[in-house]
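Hi,

Here is the structure I promised to pass on. My notes follow below it.

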Amino acid sequence: MTSDALPATTRSSDVDGRPSRTAWLSVLWRHRNGRIGLIFAILVLLGSIAGWTQLTPYPADQLGVGHILASPSTAHLFGTDQFGRDVFSQVLQALAVTLEIAVLAVTISGVIGSTAGIVAGFVRGWPGAVIMRLADILFAIPAILFALAIVSALGSGVVDSAMAIGIAYVPIYVRVVRGPVLSLYDADFVRAGRVLGYSRRRLLFRHVLPNVTGTIAVQTSLTLAWAILDEAGLSFLGLGPPAPTASLGELVSNSTSLASHAWWTLAFPSLAIVIAAIAFNFLGDGLRATFDPRELSR
Amino acid sequence: MATVVLRGMDLAQRYEGRGKSVVNALRGVSLELGEGATLGIVGESGCGKSTLARLLVGLERPSAGSAEMSGESTSSLDGRTRARRIQLVFQDPYSSLDPRQRVRAALREVLTFHHLHSGAEDQRIDELLDMVALGRRFANRYPHELSGGQAQRVAIARALAVEPTIVVLDEPTSALDVSVRAEIINLLIGIQARITISYIFISHDLSMVRHVSDTIAVMYLGRIVESGSYDQVLDAPLHPYTVALAQAVPVPDPTVVRPHRVTPVLTATGPTTRGCDYQDRCPLVEPHCRDVAPSLDDVGSNHRVACHVAKRRTTIE
């Protein structure tokens, strides 16, 4: 043989020839952005769980838990607002709302978009063409405008916002997923599978899909970041879920007039949006590396 | 020749593009492959070699003509049965292996799908790896962890896993390092010495084909222009195209003079509609060649050629 120089790779893989279940985590950790994204994402997740379960330092909606417009202190990490509410507790609860909407939105766009993308890539002829033209039409409308239109039509609420944002991101999924499916369908190893007698179903589920899960995971993480930003945008414009449910965008919106007197009422909710968006953006970046089989055996 | 395992009759394939563009990739190719024999198919790129390979293994349906495997029409075989009879080895070994499947998983999938060696798959996988002279430790590797030659061995092992009668090798060495080519060729010859298997070896490189083939067919623009046994075609070529191909094999000697070279570019208009396809590049062209296309005829002991001049010369002799 010309080269036996390649080291036998046993690391992060078991004897059976499958990478171990945790191998991808170590790849993610070795990736700089992936590591930052992972840490931030865990923080965001913990924060929103705290908000969700109301395990916040103070009840988020309760007035007068501190002085009015108190600056950050050990008692009130992010200070208090004009009604004496604890901003930290508010941010945690709003984070939960924002994340709930974003996750719902991504689930909607991911399920619809990926399925449509796979169908468009695997089924030749008119069904694929129709799906792509529909996606093109949707794609031509800016996501936030589209979401605005839907919320105006449907009314506002957690599920409505999620639907609005989710549908707006369907075409991106369709495009991102269809591309690899198309090229995989023409790949030699899929042809080899056909020569071996494998059914279309087997080829789709055993050979094409495993090679696009990475793409879908990366897209999901990125879309999550965009959805968080869009949700903040919608809420900022007053189209978020109605009171008393407050999302991060609403916190920002409510505190713009206070910012000159109490910067913390604006800065911390904004920072939360930025961190949440960065978390999933970077995580997506890291996941991209994770799903490259080359990385798994390094 | 022993039992015929594959017979192609007037296979043709035309691709219709948008508008009026039509490509006749294959224009009536007939061939015969004996049990345990190797048929070499040579020709420059675009002559229809790979189209022929795809038709034979069932990746495409011929637009005309038919094929029989061991006496049964291929169109009557279902995918699974056909797969058990004929397999294909691709040019690029990396792209022909699923990047997310380790060697063992890829081989196991073939065995379980075809219900072969149930319960003893692992043993069979080891056997297959031995057959292609790959160490068992390679079973746990991903394709990208293999060298080109190793990956091609895996692809060969996968093709052999179904115990096919025929393996079509579509330029199996072209994507490999020159140093590895001989290893793969020797491996293929070695396998044929151990088990009964027929090869169709497709290449643009006569020097590769000559090592493996019993019979050789030379293709030009979708047709076979010359065929015969190894020594007939290579040592006593009749068709001017075969002559040119044989001379195109590089000789490491600057003083060697080449009497006739193939015009490097195909005429932009494609094949002339009337007469011989080779007329525009042929050094022996005669007025007759411009009018009548030569048929592929036997000029003695199964040496067939499609050239007016060559046929006349052999009959005069």
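Helices (H or I, at least four residues) and strands (E, at least two) are DSSP runs here, numbered from the N terminus. On that basis chain A has 13 helices and zero strands.

Some housekeeping: this is a predicted model, in which local features need pLDDT of at least 70 and side-chain atom pairs count only at pLDDT 80 or more, while totals for chains, interfaces and linings use all residues. Residues are numbered from 1 along each chain as its sequence is written, and chains are lettered from A and ligands numbered from 1 in the order in which they are written.

The C-alpha atoms of chain A fill a box of roughly 75 × 50 × 30 Å along the principal axes. Of its 298 residues, 48% are buried (20 or more other C-beta atoms within 10 Å of a residue's own, with C-beta atoms placed from the backbone).

On to chain B, where the domain assignment gives domain 1 (4-235) and domain 2 (241-317); such bounds come from an automatic or database assignment. Their centres, taken over C-alpha atoms, are 28 Å apart. The contact (C-beta atoms within 7 Å, placed from the backbone) takes 16 residues from domain 1 of chain B and 14 residues from domain 2 of chain B. On the domain 1 side, β10(B) gives the most, with seven residues.

One residue I looked at is Ile202(B), in strand β8 (residues 198-203) of chain B. Ile202(B) counts as buried because 28 other C-beta atoms lie within 10 Å. Leaving out residues up to four places away in sequence, Ile202(B) touches several residues, including Ile41(B), Lys49(B) and Leu169(B).

Cheers

Technical notes. Buried ≥ 20, exposed ≤ 12 C-beta atoms within 10 Å, placed from the backbone. Contact = placed C-beta atoms within 7 Å.
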